[in-house]
Amino acid sequence: MSKIEEQLENLAATMNIHLIRSKRLDVSLNAAWHPTTRTILIRNNLDPITRVCAIAHELGHAHYGHDCSDPRFERAADMWAAKQLLNNRVTPALLQEYRDMPGALAAELGVTPKLLQLWLDHIHPHQSGKTP
């Protein structure tokens, strides 16, 4: 288990949320938040980066009290996950080193390219050279 996954598991515990690996989740779902039982089901056999991002995303739903799937809720959960996984980890030196290789930067940081791009575009646009 990676350090960041361990941190997410500790965060889940402080939020009184149970993380359970499941063989029963459809391949269309990496993870699912069940507010009634305060459980996040995580699909077995996910690669480590997808698993970390899925756990962080579902913890975002828990943080905001979401109880259904809605495009606005999905976006909010993604933003929360991006902040948890990337704030205080993306440095100007890393951005410079990987400036033309966003996929490599995402791999270096242990997140999906989608989550990194969301963080760059909307949470810290000044770090990507864009304006808000």
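**View 1. Helices α1 and α2 pack side by side at roughly 25°.** Helix α1 covers residues 3-14 and helix α2 covers residues 48-64. Helices (H or I, at least four residues) and strands (E, at least two) are DSSP runs, numbered from the N terminus. The model is predicted: local features need pLDDT of at least 70, side-chain atom pairs count only at pLDDT 80 or more, and totals for chains, interfaces and linings use all residues. Residues are numbered from 1 along each chain as its sequence is written, and side-chain values use heavy atoms, with hydrogens and water left out. The two axes come within 10 Å. Axes are lines fitted to C-alpha atoms, for helices over the stretch in contact, and angles run from 0 to 180 degrees between N-to-C directions. The angle makes α1 roughly parallel to α2 (under 35 degrees; over 145 is roughly antiparallel, 65 to 115 roughly perpendicular and the rest oblique). The crossing is left-handed: the near helix is turned anticlockwise from the far one by less than a right angle, whereas clockwise would be right-handed.

**View 2. Residues from both helices form the contact of α1 with α2.** Contact means heavy atoms within 4.5 Å. From α1 come Ile-4, Glu-5, Leu-8, Leu-11 and Ala-12. From α2 come Arg-51, Val-52, Ile-55, Ala-56 and Leu-59. By class, 8 are nonpolar, none polar and 2 charged. Here Ala, Val, Leu, Ile, Met, Phe, Trp, Tyr, Cys and Pro count as nonpolar, Asp, Glu, Lys and Arg as charged, and the others, Gly among them, as polar.

**View 3. Helices α3 and α6 cross at roughly 95°.** Helix α3 spans residues 71-86, and helix α6 spans residues 113-123. Their axes come within 9 Å. The pair is therefore roughly perpendicular. On the α3 side, the contact includes Arg-75, Asp-78 and Met-79. On the α6 side, Trp-119 and His-122 are among the residues in contact. The contact divides into 10 nonpolar, 1 polar and 4 charged residues.

**View 4. His-18 lies in strand β1.** The strand runs over residues 18-22. His-18 is partly exposed, at 43% relative accessible area (buried is under 20%, exposed over 50%, partly exposed in between; 1.4 Å probe, protein chains only). Leaving aside neighbours within four places in sequence, His-18 touches Thr-37, Arg-38, Thr-39 and Ile-40. His-18 and Gln-117 are 99 residues apart in sequence and 29 Å apart in space, C-alpha to C-alpha.

**View 5. Cys-53 is buried, while Cys-68 is partly exposed.** Cys-53 has 8% relative accessibility. For Cys-68, the relative accessible area is 44%. The structure holds 0 disulfides (pairs of cysteine sulfur atoms within 2.5 Å).
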